[in-house]
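This briefing goes through a structure in plain terms. Look at the sequence and the 3D view first, then read the points below.

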Amino acid sequence: MTPAAKLAARLTALAIVGVIVQTAAVAQLPIGGASADLSPLMVMAVGLLCGSLAGGCFGFGVGLLVDVVSIQTLGVSSLALLGVGYLAGRLREARDPEGTLVPLAAGAIATLAFSVGFALMQFLLGAAAPVSWALVRQTLATLVVNALIALPVYALVRRWLLAALPEERRRRRRRTYTTGGLSPLSRS
Amino acid sequence: MYDKTVRRRRAVLGLLVAGSLILLTAYFGESAGGALHGVQRGTTEVLNPIQEGASVALKPVRDLFGWFGDTLDAKGKVQKLAAERDQLRAELARQENATYENARMAKLLQTRGTLDLEQYGPKTGRVTFASPTVWYATIRVNKGSGDGVRVGMPVMNELALIGRVTEVFRGAAQVTLLTDTNASRPSAGISARAGKRNVFGVLEPLGAGNPNDLVLNQVAPGAKLEPGDRVVTRGTVSDPTLPSLYPSGLPIGEITRIDRDGTDTEEIHVRPYANMKDLDFVSILTRPQAGET
């Protein structure tokens, strides 16, 4: 099995298990009036670890799975998570941030981007929803909960993908700033 | 090499964005019996047993989290019991969960008797999934077509009406709650009557993120309603050729306030009796028209 195929297989398994755990357990655990949402965190982690191409594809796949399993309008989560994965991957390719708390900040931003993107698309599709305090409060609560669990989720995703990642990604090193970079998938 | 990689990356991104938009447009435009809905239903049929299995397998994890939540709420009491906590933790979580479920189930059965719901063929189901976003007020119940559940059937919890069945699978059913405002589903206003004078109106959700607020619309001008008035389903009263989805007299909620009272733009707010964020067991009324004949 080629490294790219190995990575794709692991990403597929991660998406399926992640979405099932999200719907079967995590979504039913209200914390502070909201539930954690693993999908943007998983997509962010894959983008940071594997680059924009893999991040975008993974985001699209996870979004599609979420929409199918939750019986939601197909394509909404895919589009939002595709953007999250791609941008997380671009962050890695352009800046390669190494701080320990990077996944925490990236997780919070990914959750916010996903929530805002999802809400915008719902408005564009004609959902009757005034921007109420309750809506903002629930979005903020999810943001805080997701930020708190971003580090462990990132660590778990990294551990799961480590064996399939290209060699240079396993040994972290600082790189100089570039305006663009190569995805590990494209280099393998 | 670099240009080729960038071009490839952008091409894939463009393809995925286009794919999402095509999916979205096609799904939004087609009817409930369309191809994409069919694919979605088929996939859910396949994934549902896995989800249900995972739900059961992960129940201890949920119970553990629930236990932590209860602990935070009752910190003072827990401190007194700290010495015994380690020994009793697992047993306590199990017993609390069993007691809680028994109480909810008993209340559900009691409601059936009080409201004379047996005539409507109630089927008790357990909630196995609740939509994680505020945009879709839906739950999934472990009763499906094999149990006689069909689309459109009313669903109640131990307190009041909570919604109706909108999708049915072999062993599960999707229930859209009264507070759902999703644009891809047809509007599901409920014909209701309120107050001691039985004022008629149509109950509709206020908007996403407001699980405790409904609005009573189309009320006749000058209707005498006030906060505290009970709101129940109207049922099929005047036109038996166009039966209502809901039997008459099912409790829904009570009026909490009336904005701009007495004007043409008055808004009557109704708080549902049922807490839509706290649903464990529900009754699906499989013969909703039984009381009308």
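Helices (H or I, at least four residues) and strands (E, at least two) are runs assigned by DSSP, and they are numbered from the N terminus. Counted this way, chain A contains 8 helices and 0 strands.

**Fold of chain A**
- Followed along its sequence, chain A shows the pattern α-α-α-α-α-α-α-α.
- Chain A has 188 residues, and 52% of them are buried.
- Of the contacts in chain A between residues at least 6 apart in sequence, 78% link residues at least 24 apart.

**Contact between the chains**
- On one side, 45 residues of chain A take part, and they are in contact with 48 residues of chain B.
- Several helices of chain A each supply at least two residues of the side that touches chain B: α1 (3-24), α3 (52-69), α4 (76-94), α5 (102-124) and α6 (133-161).
- With 7 residues, α3(A) gives the most to this side of chain A.
- By residue type, the side of chain A that touches chain B consists of 27 nonpolar, 17 polar and 1 charged.

**Confidence of the prediction**
- The average pLDDT of chain A is 83, and 85% of the residues score at least 70.
- Among the elements of chain A, helix α2 (residues 38-50) has the highest mean pLDDT, 93.
- The lowest mean pLDDT among these elements, 56, belongs to helix α8 (residues 184-187) of chain A.

Note on methods:
Residues numbered from 1 in each chain as written. Chains lettered and ligands numbered in written order. Predicted model: local features only at pLDDT ≥ 70, side-chain atom pairs only at ≥ 80, totals over all residues. Contact = placed C-beta atoms within 7 Å. Nonpolar A, V, L, I, M, F, W, Y, C, P; charged D, E, K, R; others polar. Buried ≥ 20, exposed ≤ 12 C-beta atoms within 10 Å, placed from the backbone. pLDDT = per-residue confidence, 0-100.
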